[in-house]
Amino acid sequence: MKKIIKIILLLMLTFLFSQGKIVANEKIKIGLLVPLTGKNSDIGQSIVKSVRLAINKINNSSIEIFPKDTESSPDIALRSAKELANLGIQIVIGPVFNKNLIYLDELNEITFLSLTNKNDNFSKNIINGGINATSQLIAIKKFIELNEIKKTIFLTPDLNFKNEIKKAISNSKIRILKNYIYNTDPTKLTKQIEKITRYEIRKQNLEDEIVRLEKSDQNNKEQLIEKLKKRDTLGDVSFDSVIISDFDESLKSVTTSLLYTDVSPKKKYFITLNQWFDESLLKETSSQPLYFPSANKSNYDDFSAEYFEKYNQYPNQLSFLSYDLVGLIYYLILQNNSVIDQKIFTKKTLFKGKVGIFEIKNNKISHILNFYKVEDEEFKKIF
């Protein structure tokens, strides 16, 4: 019975944005706390545009948005949030950056749906709506179990989000052999990867085997030696898959170092975190196949096309999330008999949006993600 109810719920949510005739009894006021000026203003402006796009899609005149500038500053974020509170607003999308959350516990009458992907909430009135590391590792864990991968290592850069990764490993209950923390300095990285992959030992194994064959009386030793000389190492590494929690050029540096130490993605699974379909990865053919969890690509492409048609520019990824958060807020308010309070985020609820499926429970949001691989210069959906 519970399964049937869940299916019906998801079907209802799929058509949420087309249910424009549903009208709440009172105005639904949604605050936006985003950088509208300063170096991150392009992010904030894109979020405002995507929120307006979502409201137009819902087609309910009772919804109003109230954008306020944070200037990417915690102090200004607090000041703007107080202005929203004075307008009677109880739900705010934003802020964007984790650092801008630190003073918002002062306004416990407002629920902030932050766009950060951090798991460490500063206060009970802050819900992190970004695609966090735990959600990503749960998807990776599913992939590992489906492929019966037994030996997995983690590679995490020595950066400020390493503790977030550590928590996510624990929260997701993913089984790994070890989490290696590496220095992103290219001059040090390769040496660290050599040590992790036992490169010098495997290289010496090859040299020793060639010497042994040369001294042996085997009939086909010339052929064997010739074959060995085409190799770089001899012997296996201690893992079947490697999860690289990195992005952009740093990610490519790690995969390059693995290739240098004779660890190939054709023999070992190369897995990484959400790359938001970074097209530069399509050109890295030597590092393919490369696997990662992410939002629904088909929906992401449709949203980007719709956004471009409306604004003649492409959105950033946070705009995609904010678009869904409008629908989530609208749905939860309707489910709560049009009453806006903090309780609407405490009940266990599933919401199917553009990103994928949101799971809300006890003032926390997690995402049930899809999984993709980069291969043959394409993003291919696995599940």
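**Exercise 1.** How many Å² does the accessible surface of the chain come to, and what percentage belongs to carbon and sulfur atoms?

*Solution.* The structure is a predicted model, in which local features need pLDDT of at least 70 and side-chain atom pairs count only at pLDDT 80 or more, while totals for chains, interfaces and linings use all residues. Residues are numbered from 1 along each chain as its sequence is written, and side-chain values use heavy atoms, with hydrogens and water left out. By the Shrake-Rupley method with a 1.4 Å probe, the accessible surface of the chain is about 19300 Å². Carbon and sulfur atoms account for 49% of this area.

**Exercise 2.** State what share of the chain is buried.

*Solution.* A residue is buried when its relative accessible area is under 20% (1.4 Å probe, protein chains only). Of the 383 residues in the chain, 50% are buried.

**Exercise 3.** Describe the open sheet and the helices beside it.

*Solution.* Step 1: helices (H or I, at least four residues) and strands (E, at least two) are DSSP runs, numbered from the N terminus; the chain has 11 helices and 15 strands.

Step 2: two strands pair if DSSP finds at least two bridges between them. Five strands form an open sheet in the order S2-S1-S3-S4-S5, with parallel pairing. Its edge strands, S2 (63–69) and S5 (126–128), each pair on one side only.

Step 3: three bridges join S3 (residues 91–93) to S4 (residues 111–114); Ile 91 has Thr 111 of S4 as its bridge partner.

Step 4: helix H2 (residues 41–58) packs on the sheet and touches S1 (28–34) and S2, where contact means heavy atoms within 4.5 Å.

Notes. Axes fitted to C-alpha atoms, helices over the stretch in contact; angles between N-to-C directions.
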